[in-house]
Amino acid sequence: MLGEAEHVWERILSDAEKDELQSSYKGALTEPEYFPIPDLSIYKKYSFFTTKLAEIVRGCPHNCRFCGATMYSGRKYRYKKLENLVKEIENWDNSGKIAHFTNTNLIASPKKTREIMNRLRDFNLKWWSPCSVDILDHEDLIKSVAEAGCMVLQFGFDSLSKETLKSMNKQFNIRRDYRTLIKKCHDYGIEVSGSFIFGWDTDTKDVFKDTVEFSKDADIDFPVYFPLTPFPGTDIYNTYLSQGRILTNDWSKYNWNTCVYRPKNMSGEELLNGCYYAFEESYSTRSIFHRLFSRPRGFKEIMLLLFISASGKFVKRFSKPYWLGTKNALSSS
Ligand code: SF4
């Protein structure tokens, strides 16, 4: 199944029933009025961190060279109809669990997001969502996102280097100061998750230590680090392919745990070890305590911080066999 499923899902099910499944199906961008309201009651609610999941918007107007999300959801943003979103939220259980808005970018259209935040305020929810750093240009929006119950915003900071951001086609990040953004979110009681991607051609071996120090110094609550994964169809994949630097077409290896291309200034093994080092430093007990006491938090915020820090420790442990040693650094010779 390639792309969005709504237009072809019924056909896939019907073909499966007739034992006539095709080798692949291609979806098309779905119009917002056809975004389905999923039946979340099929999930056992105590088996998951949360089953309160909803999409507010699909698509993102930016065009980052490594982004796989815009490959299937496009660059034109499409907001779910407000009345459908409201119906969906009204169906949620009242377990008090934190909700996750699985958007590509929460503020694809600041105007539309404002309207939705005003409505969300009525629900007394606690939630988190991915968002782009342009929200810094709209302080009123940070405030209304907080008033609508946002506990965590996830930002793709991706790099601290202007040169790297430029080559990622992520100039919009250069114009926004990460420290100011983090501080503003904290001022409104929003925790910040910040992700970084290592292994870009402009990255040297210093990138790991510099980024970890920045995460600590700038008080990022949940820093996460990944090796660059050039997903098929993205501009960076095509560039590396034309340069003969893609090491495998086994898509199961495109899992954020394997170095699937030949980095320029380090070996694949060094890249994976660097990712592990960054996680290890940021999720050491000392670093977690540092974050815990970095500023006053309410009970829910403390529990969330401890839970996510424990998840960070889990990711570290899970990724250790992949990132330490050479297991998943494919041969680049
Ligand atoms: S801002 Fe995020 S979602 Fe949008 S194109 Fe860049 S990486 Fe993708």
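I shall call a residue near a molecule or strand if its C-beta atom, placed from the backbone, lies within 6 Å of it. The structure before you is a predicted model, in which local features need pLDDT of at least 70, side-chain atom pairs count only at pLDDT 80 or more, and totals for chains, interfaces and linings use all residues. Residues are numbered from 1 along each chain as its sequence is written.

I begin with the ligand. By that criterion, the residues around the ligand are Cys60, His62, Asn63, Cys64, Cys67, Ala69, Thr70, Thr104, Asn105, Ser132 and Gly156. This shell comprises four nonpolar residues, seven polar and no charged, where Ala, Val, Leu, Ile, Met, Phe, Trp, Tyr, Cys and Pro count as nonpolar, Asp, Glu, Lys and Arg as charged, and the others, Gly among them, as polar.

Eight of the nine residues in E6 are buried, that is, with 20 or more other C-beta atoms within 10 Å of their own, against 12 or fewer for exposed and partly exposed in between, C-beta atoms being placed from the backbone.

Two strands pair if DSSP finds at least two bridges between them. E6 runs parallel to E5 (residues 127–131), with five bridges, and tryptophan 128 stands opposite valine 152. Between E5 and E6 the chain passes through helix H5 (residues 139–147) in a right-handed β-α-β crossover: with the strands pointing away from the viewer, the path from the first strand over the helix to the second runs clockwise. E6 is also parallel to E7 (residues 191–198), through six bridges, and leucine 153 has valine 192 as its partner there.

Terms used:
Helix = DSSP H or I, 4+ residues; strand = E, 2+ residues; numbered from the N terminus.
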